[in-house]
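Here are my notes on this one, as numbered points. Have the model open while you read.

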Amino acid sequence: MSEIFFAYLLRGIFLESKIHIKSEPKNLIKIFNEIRPLLSKVAIVWFVGYFYWNGFNLISFKFLGPEAAGLILFSIALVKSVNDICASLVISQMTIYSEYIAKKDVNKAFSIFKKTVLIGFTLLMCGYVFILLARWRLPEFYLFEKLID
């Protein structure tokens, strides 16, 4: 819903500034045919990632029951949230990578990417160590009673 509202606002800005975007059906089909192989790869990655993180849910409920499955699922959700926060650091720099690649400075883009991945990975490990240390120092904390050992 927010994307539709945002597109509507942009449409108003384009109309007010007299910028007209012309799109011809032939060009759209040509562009779609060019990016279709990439879209299929993205779809496969999304599909595998979805079942990687959510496959445990189905298996846990089937074989362990709701209580044990809840412990497993909450633990996975906590791990995934730390992972998502760290991945957002790398993904948020995508425009910078694209800019350098467009300027034919791939080495600079890769250098920034490596630095960002290193920062994200360090933050990821610090987050996991923080959770383990907090669990070790505060074993009676109610949140940690809901995690698997």
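1. Pocket terms come before anything else. On a 1 Å grid over the protein atoms alone, a pocket is an open set of points with protein on both sides within 12 Å along at least five of seven lines, whereas a cavity is a set where a 1.4 Å probe fits but cannot get out; lining residues have an atom within 4 Å of a point. Points are joined across faces, edges and corners, and the volume is the space filled by probe spheres set on them.

2. Some ground rules. This is a predicted model, where local features need pLDDT of at least 70 and side-chain atom pairs count only at pLDDT 80 or more, while totals for chains, interfaces and linings use all residues. Numbering runs from 1 along each chain as its sequence is written, and side-chain values use heavy atoms, with hydrogens and water left out.

3. Now burial and surface. Of the 149 residues in the protein chain, 15% are buried (under 20% relative accessible area; exposed is over 50%, partly exposed in between, with a 1.4 Å probe and protein chains only). The chain exposes about 12,600 Å², with carbon and sulfur atoms supplying 71% of that (Shrake-Rupley method, 1.4 Å probe; for residues, only the protein chains shown count as cover). For contacts (heavy atoms within 4.5 Å) between residues at least 6 apart in sequence, 50% join residues at least 24 apart.

4. Back to the largest pocket, with a volume of about 260 Å³. Its lining is made up of Ser75, Ile76, Leu78, Val79, Tyr128, Ile131, Leu132, Arg135, Leu147, Ile148 and Asp149. The elements that give two or more residues to this lining are α3 (66-91) and α5 (106-137). By class, the lining residues are eight nonpolar, one polar and two charged (Ala, Val, Leu, Ile, Met, Phe, Trp, Tyr, Cys and Pro are nonpolar; Asp, Glu, Lys and Arg charged; the others, Gly among them, polar).

5. Helix α5 has 32 residues and reaches 46 Å from first to last C-alpha, close to the 46 Å expected at 1.5 Å a residue (that is, 1.5 Å times one less than the number of residues). Its buried residues are Ala109, Ile112, Thr116, Gly120, Leu124, Gly127, Ile131 and Ala134; these pack against α3 and α4 (94-102).

6. Ala69, Ile72, Leu73, Ser75, Ile76, Val82, Cys86 and Val90 are buried in α3.

7. Have a look at Tyr100, in helix α4. Tyr100 counts as partly exposed because its relative accessibility is 22%. Leaving out residues up to four places away in sequence, Tyr100 touches Asp105, Val106, Lys108, Ala109 and Ile112. The C-alpha atoms of Tyr100 and Phe110, ten residues apart along the chain, are 9.0 Å from each other.

8. Lys104 deserves a check too: it sits in the loop between α4 and α5. Phi of Lys104 is near 65 degrees, a positive value in a residue other than glycine. With a relative accessible area of 72%, Lys104 is exposed.

9. Finally, Phe121 in helix α5. At 48% relative accessibility, Phe121 is partly exposed.

Terms used. Helices (H or I, at least four residues) and strands (E, at least two) are DSSP runs, numbered from the N terminus.
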